[in-house]
Amino acid sequence: MADIPIRCFAVSIVVLRKIEGVPEVLLLRRNHTLVGEWCQIAGSIEDGEKAWEAALREVTEETGLVCRQLYSADICEQFYEADRDAISMLPVFVGFVDSDSEVVLNEEHSAFCWVSFAEALSMVPFAGQRHVLRHIEAEFVHRKALDYLLLASV
């Protein structure tokens, strides 16, 4: 009997802003893996780095944004990678940025957009992403985020 390994090597970050009290989700169009697909921010955890530190770094590297607050989303994004015959599990984080923050993309992405949760749900390609977005909307928009989940605040 063969086991399927579970890998945790990267993080997933949903970045939010509020415009006149209305939450918007940042989506990026990918250039490398999943070319042309709209996705949230994701990236690898570097040696010696905590997952939440990787989340803050990836947001800045990929978008030039600085999160005012970073929360654990209290959920993991998981998916099967056929080429590795492994299950990948990524801790999910929620980053809040100022409404007037300017996005500056790196070479990993060709475009960005700020959209409503409903629009984001129709744009992302995978069911796991939609599950994460629904969870974040329920726990960070329709409810006050738990103080226990706050990891960093600027």
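Guide: In this predicted model, Phe 140 touches Tyr 71, Ser 72, Ala 73, Val 94, Phe 96, Ala 145 and Leu 149, leaving out residues up to four places away in sequence.

Phe 140 itself belongs to the largest nonpolar core, which has 23 residues. Phe 140 is listed there with those that have the most contacts inside the core, alongside Leu 16, Val 25, Leu 27, Val 94, Leu 133 and Ile 136. Strands E2 (10-19), E3 (22-30), E6 (69-81), E7 (86-96) and E8 (109-115) each supply at least two residues, and so do helices H2 (117-123) and H3 (127-141). H3 gives the largest share, four residues.

A salt bridge joins the side chains of Glu 139 and Arg 143 (3.6 Å, N to O). Glu 139 is partly exposed, at 30% relative accessible area. Arg 143 is partly exposed too, at 49%. Elsewhere, salt bridges with shared partners link Glu 46, Glu 49, Arg 57, Glu 58 and Glu 61 into one network. The structure holds ten salt bridges.

Take that network next. Glu 46 and Arg 57 meet through their side chains at 3.5 Å, N to O. Glu 46 sits in the loop between E5 and H1, and Arg 57 in helix H1, so the pair ties together parts eleven residues apart in sequence. Arg 57 also forms a salt bridge with Glu 61 (3.1 Å, N to O). Arg 57 and Glu 61 are four residues apart in H1, so about one helical turn separates them. An α-helix has 3.6 residues a turn, so residues three or four places apart point the same way. Arg 57 counts as buried because its relative accessibility is 16%, under the 20% cut-off. Glu 46, at 44%, is partly exposed. Glu 61, at 38%, is partly exposed as well.

Just after H1, Gly 64 takes a positive phi of about 75 degrees.

Most residues other than glycine have a negative phi. Asp 74, in strand E6, has a positive phi near 65 degrees. Asp 74 is exposed, at 55% relative accessible area. Asp 85 also has a positive phi, near 45 degrees. The loop between E6 and E7 holds Asp 85, which is partly exposed at 37%.

Ile 4, Ile 6, Tyr 80 and Ile 87 make a nonpolar patch of about 380 Å². Ile 87 is placed in strand E7 and is partly exposed, at 30% relative accessible area.

His 32 is in the loop between E3 and strand E4 (38-39), and is exposed at 52%. Beyond its neighbours within four places in sequence, His 32 contacts Glu 107 and Glu 108. His 32 and Glu 108 are 76 residues apart in sequence, but their C-alpha atoms are 6.3 Å apart in space.

Terms used: Residues numbered from 1 in each chain as written. Predicted model: local features only at pLDDT ≥ 70, side-chain atom pairs only at ≥ 80, totals over all residues. Heavy atoms only, no water. Core = buried A, V, L, I, M, F, W, Y, C linked by side-chain atoms within 4.5 Å. Buried < 20%, exposed > 50% of the residue type's maximum accessible area, 1.4 Å probe, protein only. Contact = heavy atoms within 4.5 Å. Patch = residues over 30% accessible without salt bridge, like charges linked within 9 Å, V, L, I, M, F, W, Y side chains within 5 Å. Areas by Shrake-Rupley, 256 points an atom, 1.4 Å probe, with all protein chains shown as cover. Salt bridge = Lys/Arg side-chain N within 4 Å of Asp/Glu carboxyl O.
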